[in-house]
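Reader: I would like to learn how to read contacts and packing. Where do we start?

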Amino acid sequence: MTAAAAPALDVERVRKDFPILSRRVNGKPLVYLDNAATSQKPRPVIEAVSRFYSAENANIHRGIHHLSERATAAYDAVRARVARFVNAAAPEEIVFTRGTTESINLVAGSWGRSALAAGDEILITGMEHHSNIVPWQLLAAATGATIRAVPLTDSGELDLDAFDRLLSDRTRLLAVVHLSNALGTINPVRDLVARARGRGVVTLVDGAQSAPHLPVDVQALGCDFFAFSGHKVFGPTGVGVLYGRAELLGRMPPWQGGGDMIETVTLERSTWAPPPARFEAGTPMIAEVMGLGAALEYVESIGRPAIGAWEEELLAYATERVRELDGFRIIGTAPAKASVLSFVVDGVHPHDVGAVLDDDGIAIRAGHHCAQPVMQRFGVPATARASFAFYNTREEIDALVRSLRRVRGLFA
Amino acid sequence: MSSLSELYQNVILEHNRSPRNYRAMEDADHQAEGHNPLCGDQVTVWVRMDGDLIGDVSFRGAGCAISKASASLMTGAVKGKSRAEAEAMFERFHRLVTGTLRPEEAETLGKLAVFSGVSEFPVRVKCASLSWHTLRAALDGSQAAASH
C-alpha cells in the first residue's frame with residue numbers, strides 16, 4: 001500500500017525486542033507464524049505489566065492516595081493514546097473491554113437491545129469471525145430482528161452487488177470485518193460504511209486483525225463502532241477496545257452494572273456516569289491497559305508504514321513460494337490482502353500439516369479459525385493458516401516451505 | 001523427530017491412505033454421526049448387528065490421518081465382537097491414547113496398539129477416539145434416534 005514511501009524495517013534488530021523469538025521448540029528455533037491467533041510481546045510490554053505490579057499497583061478512580069492517583073492518570077493516558085492510535089475525535093470515545101469479542105457483545109447488548117425490534121435487519125458478511133456472528137444471533141433471538149449475510153466470491157472478496165441488494169430499508173446495522181482472519185482479505189470498509197450510512201444504518205467494524213497490520217483511522221472509515229483486541233496488537237491478553245462515536249455512546253444504556261459506571265446510587269435506583277465510564281463497571285484490567293499502552297507506543301516507534309511494507313513483502317514472498325508447491329491450494333486470493341496465508345493440501349488434513357510443522361518448530365494454526373461459514377463457502381473442513389507479523393523473516397518462510405515439502409513426502 | 005514418527009506409524013499412514021470399510025451401509029440397523037467441533041472433524045459410523053454380535057461396521061467422514069486411521073482400524077477390530085467386548089476394547093484404547101494403559105494390557109489391543117504415540121500429543125486424543133465415541137452412540141440408539 002505505502003511500500004514506496006516506507007522506511008526500511010530492521011527485522012533483526014526488531015526481533016531482539018521479543019524475548020520469546022529466541023527460544024527453541026522441539027529442538028528447532030521457533031518460527032512463529034500464528035500471529036492472527038495472538039501476537040508475541042516485545043520487552044516494553046512485558047516490562048510495563050511487571051513494573052505496574054512491582055512499583056505502581058493501586059486501584060483507579062478511587063483512592064486519594066499517591067499510587068491511586070498515579071494509576072488513574074496512567075490509565076487515562078493510555079485511553080488518550082488509543083484514541084490517537086485509531087484517530088478517534090476524543091478519548092471519551094474509547095471504552096476498555098476484555099477484547100474484540102466483548103466489545104461486540106457490548107454493542108449488541110447495549111445499543112442493539114435498545115435500538116432493534118422485530119422486522120429489523122442486521123447485515124453481516126460471509127467472512128465474519130464467530131465473534132461477529134453469534135452476538136448478533138443472540139440479539140436477533142431477543143428482539144425478533146433478522147440476520148442477512150453478504151456472500152463471498154470465489155477469490156474470497158465480498159460480492160458488492162449482493163451487498164447493495166441486501167442493504168435495505170430494514171437494515172439497522174452493518175457489522176463487517178476489516179481484515180479477514182481466515183482469508184486475509186482486506187474489505188473496502190470505507191466504501192461499505194459510506195453506503196450504509198447513506199441509508200442511516202449504524203456500522204460496526206471488527207478490527208481484530210486490522211489493528212495490528214493496517215493503519216486505522218476511524219474518522220476516515222466513518223464507522224460508528226470499531227473493535228479490536230490488545231493481544232493481537234502485541235499487547236497483553238484480557239484487554240481490548242471499543243471505539244464508539246460519542247453521540248451514539250451517549251445515547252446507549254449501561255451494559256453491566258456495578259462500581260465506576262454510576263453517578264449516584266440509592267437502594268431504589270441509580271443514575272449513570274457518562275461514557276466511557278458508563279461501560280466500564282467494576283475494577284478494570286489496569287495492568288493490561290498499561291501493557292496495551294506500551295504496545296501501541298512500540299508499534300508507533302517502529303512505524304506503521306514500515307510495518308505495512310515489510311509484511312506486504314513477506315506475504316507476497318510466502319504466497320509465491322507456496323504457489324510453487326504441488327498439491328497446495330491457497331484459500332483467499334483477493335488482490336487486497338494482508339498477513340494471512342490460508343491453504344489446503346491435497347489428501348492431507350490441516351491438522352496433520354500442523355503436527356509436522358510443529359515438529360520442525362513452526363507454529364501455524366490448523367482448523368476452522370472460528371469462521372466456519374468461510375470453510376463451508378469454500379467446501380473445506382479446515383485450512384492450515386500461516387499468519388505473519390513484522391518480526392517474521394524470509395528465512396522463516398523458507399523454513400515453512402521446507403517443512404511443507406516434508407508434509408507431502410510423509411502423507412502422499 | 002522421534003515423537004512425530006511414533007505418532008505417524010506406517011500402519012497409520014497406510015490406513016489413512018486406504019481406509020478399510022470406508023462406505024455407507026444400506027442395510028445398517030445402527031448409525032450415528034460424530035463431530036469434533038474444535039477441528040471440524042466429522043464421521044458417520046454404520047453398524048449391522050448379527051444377533052448379539054457386530055456383523056458389519058463401516059464409516060465415512062472427513063478428518064486427520066489419526067482420526068481416519070483410527071476409524072479404519074476400529075472397524076476391523078470390533079467386527080464379530082459383542083457390544084460388551086467392543087465397549088471393553090474402547091475403554092482400553094482410551095487408556096492407551098491417554099497414556100494410562102499398562103504395557104501388558106496394550107498387547108491385548110492387537111493392531112490398535114499403533115496409536116500409543118498419541119499419548120504424547122494430548123490434543124490428538126480426541127481425533128483418535130472420535131470414531132469410538134460415535135460407534136458407542138450408534139450402538140446406544142436406534143438409527144432413527146441417532147440421526148436427529
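Author: Start with contact: two residues are in contact if their C-beta atoms, placed from the backbone, lie within 7 Å. By that rule, B:Cys39 touches A:His351, A:Gly367 and A:Ala382, not counting residues up to four places away in sequence. This is a predicted model: local features need pLDDT of at least 70, side-chain atom pairs count only at pLDDT 80 or more, and totals for chains, interfaces and linings use all residues. Residues are numbered from 1 along each chain as its sequence is written, and chains are lettered from A and ligands numbered from 1 in the order in which they are written.

Reader: Is B:Cys39 buried or exposed?

Author: Buried means 20 or more other C-beta atoms within 10 Å of a residue's own; exposed means 12 or fewer, and partly exposed lies in between. B:Cys39 has 24, so B:Cys39 is buried. The C-alpha atoms of B:Cys39 and B:Cys127 are separated by 9.0 Å. These two are 88 residues apart along the chain.

Reader: At what angle do helix 2 and helix 11 of chain A pack?

Author: Axes are lines fitted to C-alpha atoms over the stretch in contact, and angles run from 0 to 180 degrees between N-to-C directions. Helix 2 (residues 43–56) and helix 11 (residues 286–302) of chain A pack at about 150 degrees, axes 8 Å apart. Over 145 counts as roughly antiparallel, under 35 as roughly parallel, 65 to 115 as roughly perpendicular, the rest as oblique. Therefore helix 2 of chain A is roughly antiparallel to helix 11 of chain A.

Reader: What is A:Met290 in contact with?

Author: Beyond neighbours within four places in sequence, A:Met290 contacts A:Ala48, A:Val49, A:Phe52, A:Ala74 and A:Val78.

Conventions. Helices (H or I, at least four residues) and strands (E, at least two) are DSSP runs, numbered from the N terminus.
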